[in-house]
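Hello,

Here is the structure I promised to pass on to you. Please have a look at it first, and then read my notes below.

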Amino acid sequence: MHTVSSSSLVRPQDGLDLAQRIGQGELSPGEALAQAIERLEQVNPALNAVAEKLYHLGEQSVAQGLPDGPFRGVPMLTKDLFTPLAGARMSNGSLLLKDNVMPVDAELVTRLKKAGFTIFGTTTSPEFGTSYTTESRLFGATRNPWSLDHSCGGSSGAAAALVAARVLPIAHGNDGGGSLRVPASACGVFGLKPSRGLMPMGPLAGEGWAGMSTSHVMSLSVRDSAAVLDQLAGADLGAPYAAPHYRQSFLAAATGAAPQGLRIGLVTHLPPWPTHPDCSEAVQRTAALCQQLGHHVEETCLPVDGLEFYDTVFTIIGSQTRNLLNLLARMAGQPLDEQALEARHRVILRDKGQLSGADYAAAVDYLHAFGRRMAELMQRYDLILTPTMAQPPARIGALTVREEQSVAELIHTFHGFSPFTALCNASGQPAMSVPLHWNDQGLPIGSHFCAGFGDDTLLLAVAAQLEQAAPWAHRRPPVCAT
């Protein structure tokens with residue numbers, strides 16, 4: 001057991017609780033920040049989850065006076081991946097960018113600050129976010145607070161690990177293929193990927209990975225995730241597209257009446273990859289819980305060929321990665337040393353980084369056609385339920401890709417582990433991982449729900465219903481700041 005405790009510190013159950021205590025004068029924003037720093041210092045030596053400590057920026061924000069938003073004084077860490085924070089390094093987990101300091105805030109960061117959050121550091125990421133484990137040559141391995149021998153998932157694994165370890169109730173992450181939901185599953189926290197176009201991507205990007213990428217947060221409570229979404233959601237200036245308008249707030253959806261009689265399609269595996277018995281058991285238990293809550297569950301299958309889908313996805317990732325490196329070389333005024341890249345990216349660039357514009361356009365067309373098929377499936381169901389991951393949390397090093405491997409082998413390594421989550425990135429549907437099961441080894445295993453495009457409020461309402469029926473906040477990992 002690697003337990004870390006500090007009985008002298010008083011901690012809220014979630015971010016809204018903490019904001020309420022600050023608002024009532026029980027503690028000041030400065031005290032809340034100091035306590036968060038103390039908790040971080042307690043557990044980070046074990047977890048290795050921090051990319052850059054920016055305590056001085058947090059202290060400056062408090063000293064200058066925080067906006068009177070709903071999360072005023074709540075400490076926050078943002079992810080070191082394509083999310084610029086003025087005055088902070090944005091390495092994207094890569095040695096190529098280890099000294100890259102950003103002069104501007106992302107629009108999402110601006111909105112976090114307006115909501116009252118005190119940002120005091122950044123969390124680690126695998127290089128360019130293209131891994132389901134948060135390991136990199138730059139930062140090393142970020143570890144799972146439930147077992148230090150296991151990965152916390154990726155690419156937002158550090159955010160999930162710190163929330164699970166009770167360092168802070170909410171942490172920012174982003175998701176291009178499951179990078180919020182896979183770590184949420186691995187660390188036993190709640191992770192929601194919003195609908196395409198709902199979250200701001202500017203000012204430095206219009207979209208990520210042909211619209212597959214978006215951002216949100218990890219949280220302990222469903223209502224925190226909903227309340228943060230209320231503060232972050234909405235297209236920013238010049239956005240190429242936007243999600244539908246929502247008639248009610250996300251927090252109202254998460255705290256309102258429980259949904260009744262939903263039609264849920266259950267998918268237990270995606271060929272050609274098998275689902276581990278632990279993950280099958282978890283999703284079957286979740287299906288039974290949904291039935292107990294009055295919903296109708298029936299088995300179905302997904303309208304996709306898994307191997308064809310992921311080969312197409314990596315056409316987009318390879319083309320986008322080559323474009324990124326070309327941009328960085330133009331900015332540097334000289335060719336980049338691509339040997340500084342991790343082997344995973346040299347494989348992706350070798351197999352998928354030299355394709356034509358027509359190949360890229362065909363890949364985007366494929367994803368759009370897949371989205372149409374998923375939309376047709378959602379005419380039959382309100383929700384699709386799958387395992388979040390087909391395997392329990394991986395051991396550190398198990399998802400390493402070697403340079404002599406091919407993209408096809410990379411796909412089997414990563415998507416044999418997590419075949420389900422990226423489907424919703426491609427279709428643009430909202431999806432979430434809910435922490436409802438722990439296996440006999442004490443490792444969390446999440447259940448994955450997706451709804452129709454724009455039905456984020458339904459997901460949050462269901463999540464809150466499940467949270468009430470099978471609470472998870474009382475479960476604390478061995479590495480924990482309380």
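**What I found**

Phenylalanine 128 is buried, with a relative accessible area of 4%. Please keep in mind as you read that this is a predicted model. Phenylalanine 128 sits in the loop that runs between strand E3 (118-123) and strand E4 (135-136). Its phi is positive, about 55°, although phenylalanine 128 is not a glycine.

**Other backbone details**

Asparagine 48 also belongs in this part of the tour: its phi is near 55°, a positive value in a residue other than glycine. You will find asparagine 48 in the loop between helix H2 (29-47) and strand E1 (50-53).

One runs from glycine 202 to proline 203, with omega near 5°. Proline 203 is part of the loop between strand E9 (190-193) and strand E10 (214-219). Another cis peptide bond joins proline 271 and proline 272, and its omega is about 10°. Proline 272 lies in the loop between strand E11 (263-266) and helix H9 (277-292).

Strands of a sheet pair through backbone hydrogen bonds, either parallel or antiparallel. Here, three strands form an open sheet in the order E1-E3-E2, and the pairing is mixed. E1 and strand E2 (75-79) are the edge strands, each pairing on one side only. From one strand to the next, the twist averages 40°.

E1 and E3 run antiparallel and are joined by three bridges. Helix H3 (residues 55-64) lies across E1 and E3 and runs at about 165° to E3.

**A covered helix**

Is helix H5 mostly covered or mostly open? Helix H5 (residues 157-164) is mostly covered, as eight of its eight residues are buried. Among the buried residues of H5 are Gly157, Leu162 and Val163. After H5 comes arginine 166, whose phi is positive, near 65°.

**Two helices that cross**

Finally, here is a helix pair. Two packed helices are described by the angle between their axes and the distance between the axes. For helix H10 (residues 306-332) and helix H12 (residues 357-377), the axes come within 9 Å and cross at roughly 135°. That angle makes H10 oblique to H12, because an angle has to be over 145 degrees to count as roughly antiparallel. The crossing in which H10 passes H12 is left-handed.

Which residues make the contact? On the H10 side they include Glu308, Phe309, Val313 and Ile316, while on the H12 side they include Asp359, Tyr360, Leu367 and Phe370. The residues of the contact of H10 with H12 divide into nine nonpolar, four polar and two charged.

I hope you enjoy exploring it.

Best wishes

Note on methods. Residues are numbered from 1 along each chain as its sequence is written. This is a predicted model: local features need pLDDT of at least 70, side-chain atom pairs count only at pLDDT 80 or more; totals for chains, interfaces and linings use all residues. Side-chain values use heavy atoms; hydrogens and water are left out. Helices (H or I, at least four residues) and strands (E, at least two) are DSSP runs, numbered from the N terminus. Buried means under 20% relative accessible area, exposed over 50%, partly exposed in between (1.4 Å probe, protein chains only). Axes are lines fitted to C-alpha atoms, for helices over the stretch in contact, and angles run from 0 to 180 degrees between N-to-C directions. Angles under 35 degrees count as roughly parallel, over 145 as roughly antiparallel, 65 to 115 as roughly perpendicular and the rest as oblique. A crossing is left-handed if the near helix is turned anticlockwise from the far one by less than a right angle, and right-handed if clockwise. Contact means heavy atoms within 4.5 Å. Ala, Val, Leu, Ile, Met, Phe, Trp, Tyr, Cys and Pro count as nonpolar, Asp, Glu, Lys and Arg as charged, and the others, Gly among them, as polar. Two strands pair if DSSP finds at least two bridges between them.
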